[in-house]
Amino acid sequence: MGQVIFISGIDTDVGKTIATGWYAKKLMTQGHLVITQKMIQTGCEGIAEDLLVHRQIQEIPLQPEDEQGITSPYIFAYPCSPHLSAKLEQRQILPETIEKSTALLQQKYDYVLLEGAGGLLVPYNQQQTTLDYVQKQGYPIILVTSGKLGSINHTLLSLEVCQHRKIPVHTVIYNQYPKIDSIIEQETQQYLRQYLATHFPTTKFDCLDEIKVK
Ligand SMILES: Nc1ncnc2c1ncn2[C@@H]1O[C@H](COP(=O)(O)OP(=O)(O)OP(=O)(O)O)[C@@H](O)[C@H]1O
Ligand SMILES: C[C@H](N)[C@H](N)CCCCCC(=O)O
Ligand SMILES: [Mg+2]
């Protein structure tokens, strides 16, 4: 039975998709069978756009599970929070549908990297958030952060809520793209390393450079 790792971030647009593809490739080079999955994709039609990027970085073609929709159980047209994009289409997001698709992938792969939409507390209906789902499934989290001004606060808030919910933080991936202010970026990385060493001693820290996606 493959291990699921949930890929979240301190916000939307922080680099989860790039980090998911990169981490999948890293596991593949270690000899593991890896697939990525998008929990809920908003803002596109057909195959989930994040999956296309994952496959590009993994340097593999679309997989049968992509064509069958198993790796992206929910796709909505309007680029917004999943709870709203579902409402706009008069559809409901059922957690068991996501659960079943991930379970199918776990039968075949050593790792399933499941990318969320936006940050940890993004809702998928009026009552439940992404983190409720992750907590219920018992998945460890890889948290993607960046050196952008404001990231320290968002990162510590995300870590705090994971600790409070007893959700294991597997790795923090520090996305070094885009490079805007090296003074802030260097200090942010240093501060987060030290914070994790003190408060999350078993959590790994990884740096992600710019990846050229065609
Ligand atoms: N390390 C990187 N190298 C190259 N481009 C990057 C990198 N990190 C982020 N980007 C670019 O920044 C934008 C946002 O990144 P990405 O799509 O991975 O964010 P996200 O957190 O997955 O967003 P969403 O919440 O919509 O899933 C994309 O255009 C992506 O190509
Ligand atoms: C459309 C975008 N690319 C993301 N996939 C969805 C981000 C939802 C964010 C919701 C919020 O935090 O306000
Ligand atoms: Mg993404």
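Biologist: Is Glu210 buried, partly exposed or exposed?

Modeller: Glu210 counts as partly exposed because its relative accessibility is 47%. Here buried means under 20% relative accessible area, exposed over 50%, and partly exposed in between (1.4 Å probe, protein chains only).

Biologist: Which side chain does Glu210 meet in a salt bridge?

Modeller: The partner is Lys212, at 3.0 Å from N to O. With 68% relative accessibility, Lys212 counts as exposed. A salt bridge is a side-chain nitrogen of Lys or Arg within 4 Å of a carboxyl oxygen of Asp or Glu.

Biologist: What conventions lie behind these values?

Modeller: This is a predicted model, in which local features need pLDDT of at least 70 and side-chain atom pairs count only at pLDDT 80 or more, while totals for chains, interfaces and linings use all residues. Residues are numbered from 1 along each chain as its sequence is written, chains are lettered from A and ligands numbered from 1 in the order in which they are written, and side-chain values use heavy atoms, with hydrogens and water left out.

Biologist: How many salt bridges does the structure hold?

Modeller: There are 10 salt bridges in the structure. One of them joins the side chains of Asp206 and Lys26, at 2.6 Å from N to O. That pair links distant parts of the chain, with Asp206 in strand 8 (residues 204-208) and Lys26 in helix 1 (residues 16-29), 180 residues apart. Helices (H or I, at least four residues) and strands (E, at least two) are DSSP runs, numbered from the N terminus.

Biologist: Why does Asp206 count as buried?

Modeller: Asp206 counts as buried because its relative accessibility is 18%. Lys26, at 29%, counts as partly exposed.

Biologist: And Arg55, with which residue does it form a salt bridge?

Modeller: Arg55 pairs with Asp66, and their closest N and O atoms are 2.8 Å apart. Arg55 lies in helix 2 (residues 49-58) and Asp66 in helix 3 (residues 64-67), 11 residues apart. Both residues are buried.

Biologist: Turning to helix 2, how many of its residues are buried?

Modeller: Helix 2 is mostly covered, with 7 of its 10 residues buried. Among them are Asp50, His54 and Arg55. Asp50 also belongs to a network of salt bridges with Lys38 and Glu115.

Biologist: What covers the buried residues of helix 2?

Modeller: The cover includes helix 1, strand 2 (34-38), strand 3 (41-42), helix 3 and strand 5 (111-115), where contact means heavy atoms within 4.5 Å.

Biologist: Which residue takes a positive phi just after helix 2?

Modeller: That is Glu59, with a phi of about 60°.
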